[in-house]
Amino acid sequence: VDLADFINLFDFEQMAKGKMTEMAYEYVASGAADELTVRWNRQALDAIKLNPTVLTDVSQLDTRISLFGQKLAHPILIAPTAYHKLMHPEGELATARGAGLASALYVVSSFTTTPLAEIAQVATQPLWFQVYVRDDREFTRNQIQEAEAQGCQALCITVDTPVPGVRNREQRGNFRLPAGVTIPHMGGPIVEKKPFTWNDIAWIQSFAKTPVLLKGILNPDDAEKAVQAGVSGIIVSNHSGRNLDTVPATIEALPRIAERVNRRIPVLMDGGIRRGTDVLKAIALGANAVLVGKPICFGLACGGAEGVAKVLQLLTYEFELAMILTGRATIDSIDRSVIWDSFRENK
Ligand code: FNR
């Protein structure tokens, strides 16, 4: 495959089909049940119109942001996704190298198929670690302390998966890990923690040395509880529609959550981000940064580290064009006024 032929993120999904086993492709591409939320994530972003400002000075374009004291070149992060060796033999090492090439922060999944110690050796950009909390507290504590010891600079506690969703396509695809592919930080493939509550979050905060984010918030009341619990940040996410089908698109949940949080802590968002304009819309509606999941998996399958880098470079380039074309030279200047208000006439 010649990566020069890929001109947008959708191209990667098309090409990845031929580069992955059917089982792996179905694993990445599928969502829960009827995949309504998967579709809504995209449709809701598409439905938002932009309201550009012309003739502003955008000669000093600045995409930099700062999160928990870390300076990032742009607000596009790599979402935690499992089993990268299913997508490319170099697995998470290629993802980390790709992140380095594109100056992107990489959130490593607890279902990484490569030990963190090896990922940390090739990473040149900040790493965060995603945590699935298990019943065994000693296991979870050790997992978190190991991640912090390896230099991960924040923890994303995934709160939307006490049990996996109804994954019909995955079932039909007969998903199982190929021989030789292991998950060194998980100790077993089954995620099942039904008595998972705010007490577990308080317990993690009692020993975590790095910022704790909650990943998978959709309800503004939960966002308020998260702020009250003293977490460092939240990620508005529906797990790419893989868990509970028919929850709303994340871009629909984002504004009311951002309004409730009212800038007390950073709000990140993921789900269906595929275009530079999607990044702009998410920021305008209250996100401090966004994450991308599936396109990274497909980039990895198509071209290893270079494929991952190309996905991120295309998206950051499109985002820069969107900033220029809407007259926004800085991230802070991307506010609600860049969203076309279709109902203004009626107010
Ligand atoms: C995920 N996601 C995920 N989330 C998490 O917290 N831990 C994980 O191990 C995984 N694994 C995973 C695998 C695959 C193949 C996908 C597609 C997703 C969810 C992920 O972090 C993120 O929330 C979504 O992928 C973002 O939506 P898009 O960009 O994929 O539409």
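Which residues does H239 touch, not counting residues up to four places away in sequence?

Modeller: H239 touches D160, T161 and G216, when residues up to four places away in sequence are not counted; two residues are in contact if their C-beta atoms, placed from the backbone, lie within 7 Å. Before going further, please note that this is a predicted model, in which local features need pLDDT of at least 70, side-chain atom pairs count only at pLDDT 80 or more, and totals for chains, interfaces and linings use all residues. Residues are numbered from 1 along each chain as its sequence is written.

H239 is found in the loop between β8 (233–236) and α10 (250–261). Such helices (H or I, at least four residues) and strands (E, at least two) are DSSP runs, numbered from the N terminus. H239 is buried, because 24 other C-beta atoms lie within 10 Å. A residue is called buried if 20 or more other C-beta atoms lie within 10 Å of its own, exposed if 12 or fewer, and partly exposed in between, with C-beta atoms placed from the backbone. The backbone of H239 has a positive phi of about 60°, although H239 is not a glycine.

R263 also has a positive phi without being a glycine, with a value near 65°. R263 lies in the loop between α10 and β9 (267–270). In contrast to H239, which is buried, R263 is exposed, because it has 9 other C-beta atoms within 10 Å.

The UniProt record, an unreviewed entry, places the feature "active site" at H239. Under "binding site", the unreviewed entry lists Y27, Y132, R167, H239 and R242. UniProt positions are given in the numbering used here, feature names are shortened, and annotations may be inferred rather than shown by experiment.

R242 is found, like H239, in the loop between β8 and α10. R242 is buried, with 24 other C-beta atoms within 10 Å, and touches G31, A32, G165 and R167, leaving aside residues up to four places away in sequence. Y27 belongs to helix α2 and counts as buried, with 23 C-beta neighbours inside 10 Å. Beyond residues up to four places away in sequence, the contacts of Y27 are L86, E170, G173 and F175.

The ligand may be considered next. There are 23 residues around the ligand, of which A79, S109, S240, G293 and K294 come nearest; a residue is near a molecule or strand if its C-beta atom, placed from the backbone, lies within 6 Å of it. The elements that give two or more residues to this shell are α2 (22–29) and α12 (294–326). Nine residues of the shell are nonpolar, eleven are polar and three are charged. In this division, Ala, Val, Leu, Ile, Met, Phe, Trp, Tyr, Cys and Pro count as nonpolar, Asp, Glu, Lys and Arg as charged, and the others, Gly among them, as polar.

Finally, the whole chain provides the setting. The protein chain has twelve helices and ten strands, and its C-alpha atoms fill a box of roughly 55 × 50 × 40 Å, taken along the principal axes. Buried residues make up 48% of the 347 residues in the protein chain. Of the contacts with a separation of 6 or more, 73% join residues 24 or more positions apart.
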